[in-house]
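Reader: I have a structure open on my screen and would like to learn how to read it. Could you walk me through some of its features?

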Amino acid sequence: DPDQKQARIVGLLDQTNEILTDMLFLEGNLPTGHRTTVRTGLPTGAWRALNAGIPSEKATSAQVDETCAMLESLGIVDEALADLNGNTAAFRLSENSAFIEGMNQTMASGVFYSNDALAPSQFLGLSPRYSDSTAKNGQNIIKLGGAGSDNASIWLIVWGDHTVHGIYPKGSKAGLDHNDMGIDLVDDGTGKKFRAYRDHYKWNTGIALRDWRYAVRICNIDVSDLLADTDGTSVKIIESMIRAVHRIPNLKMGRAAFYMNRTIRECLDIQAMNKKNVQLRIDEYDGEFRTSLRGVPFRTVDALLNTEAPVV
């Protein structure tokens, strides 16, 4: 600032991604991810008659490998700029907060949209896994009527060690890791050098979908239609959310929540004010208003888009 104090930067680009607070992270059992074993067949038993035998049976299982991805960034701050106001630590802390916010946004977006089939350096997010209503997990894809380019999704996810959780490689640690690399000579892009503080940020993580029954995608929500549907009679979004709750075998298997972007959250809060929508509940907890349906809370995730392609 002109008074030589550290400037307080207004975070106009900051987002709210409450999914990162809810996610359970567990250490993987592989150096590059996590191997999950799932039951694929059960012994059924047989009715036995007197003097007759029964066939031998066995349960069958399959293994699925989930991979982690490396999200990294290198920060460079001119030494003269950082030392300008005499409070180098405060300036670098301000720069660090920008990297943390940016990587949080990338991670939140990756949870839903990353696709290692298109970008091998990424992990596999949820949307590519729930993108085909004719697949085996198609029963957990609830499609509404959106067909244009302004579609959005609501996700119901139950986080748990046997359902859905985040992973980090075996022998590493969870979360964003920051390494202060000190001062070094840095190229300015023209071959000339200057002294700069360098910081390395690293986040090795992924998603393990251990049981696909514990995530439900409500997709093809036409955003423009929803904005005009203030009483909830046109877009059957509340009805679809009730259907989603019943697609989950057991909500007590973990921490359940609905995830939606700010636009859909706004529309649902408006609909909750309509006394006819008895399924939606607004209560106050610790000075904040919370919306829920059937006891499952709503979470805002700005990383969820209003421009998704229709799911077929």
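Predicted model: local features only at pLDDT ≥ 70, side-chain atom pairs only at ≥ 80, totals over all residues.

Reader: Let's begin with pockets. What is the volume of the largest pocket?

Author: The general idea first: rolling a probe the size of a water molecule over the atoms shows where empty space is left. Here a 1 Å grid is laid over the protein atoms alone, and a pocket is an open set of points where a 1.4 Å probe fits, with protein on both sides within 12 Å along at least five of seven lines; lining residues have an atom within 4 Å of a point. Grid points are joined across faces, edges and corners, and the volume is the space filled by probe spheres set on the points. The largest pocket comes out at about 520 Å³.

Reader: Which residues lie nearest the centre of the largest pocket?

Author: Val 38, Leu 209, Arg 210, Asp 211 and Trp 212 do, out of 16 lining residues. Strands here are DSSP runs of E, at least two residues long, and helices are runs of H or I, at least four, both numbered from the N terminus. Strands β2 (33–41) and β3 (60–67) each supply at least two residues of this lining, and β2 gives the most, with 5 residues. By type, the lining divides into 4 nonpolar, 5 polar and 7 charged residues. In that count Ala, Val, Leu, Ile, Met, Phe, Trp, Tyr, Cys and Pro are nonpolar, Asp, Glu, Lys and Arg are charged, and the others, Gly among them, are polar.

Reader: And which element gives the most to the lining of the second largest pocket?

Author: That is β13, with 5 residues. The second largest pocket has a volume of about 380 Å³. It is lined by 17 residues, and Glu 18, Arg 265, Arg 290, Phe 298 and Arg 299 are the closest to its centre. Elements that give two or more residues to this lining include α1 (19–22), α7 (262–272) and β14 (296–300). The lining splits into 4 nonpolar, 5 polar and 8 charged residues.

Reader: Now the surface. Which residues form a nonpolar patch?

Author: Met 273, Ile 282 and Phe 289 do, with about 360 Å² of accessible area together. Patches are made of residues with over 30% relative accessible area and no salt bridge; nonpolar side chains (Val, Leu, Ile, Met, Phe, Trp, Tyr) are joined within 5 Å, and like charges within 9 Å. The areas come from the Shrake-Rupley method with a 1.4 Å probe, and for residues only the protein chains shown count as cover.

Reader: Is Phe 289 buried or exposed?

Author: Phe 289, found in strand β13, counts as exposed because its relative accessibility is 61%. The classes are buried (under 20% relative accessible area), exposed (over 50%) and partly exposed (in between), using a 1.4 Å probe and protein chains only.

Reader: How many salt bridges does a search of the whole structure find?

Author: Side chains of opposite charge can pair when their charged atoms come close. The search finds 14, each being a side-chain nitrogen of Lys or Arg within 4 Å of a carboxyl oxygen of Asp or Glu. Take Arg 92 and Asp 199, whose side chains meet at 2.9 Å, N to O. This pair links distant parts of the chain, with Arg 92 in helix α3 (residues 88–113) and Asp 199 in strand β9 (residues 193–209), 107 residues apart. Arg 92 is buried at 13% relative accessibility, and Asp 199 is buried at 4%.

Reader: What about Arg 290, which salt bridge does it form?

Author: Arg 290 pairs with Asp 283, the closest N and O atoms being 3.7 Å apart. Arg 290 is partly exposed, at 37% relative accessibility. Elsewhere, salt bridges that share partners join Arg 92, Asp 180 and Asp 199 into one network.

Reader: Last topic: what is phi of Asn 51?

Author: Most residues other than glycine have a negative phi. Asn 51 has a positive value, near 65 degrees. Asn 51 sits in the loop between β2 and β3 and is exposed, with a relative accessible area of 86%. Arg 294 also has a positive phi, near 55 degrees. Arg 294 is in the loop between β13 and β14 and is partly exposed, at 42% relative accessibility.

Note on methods: Residues numbered from 1 in each chain as written. Heavy atoms only, no water.
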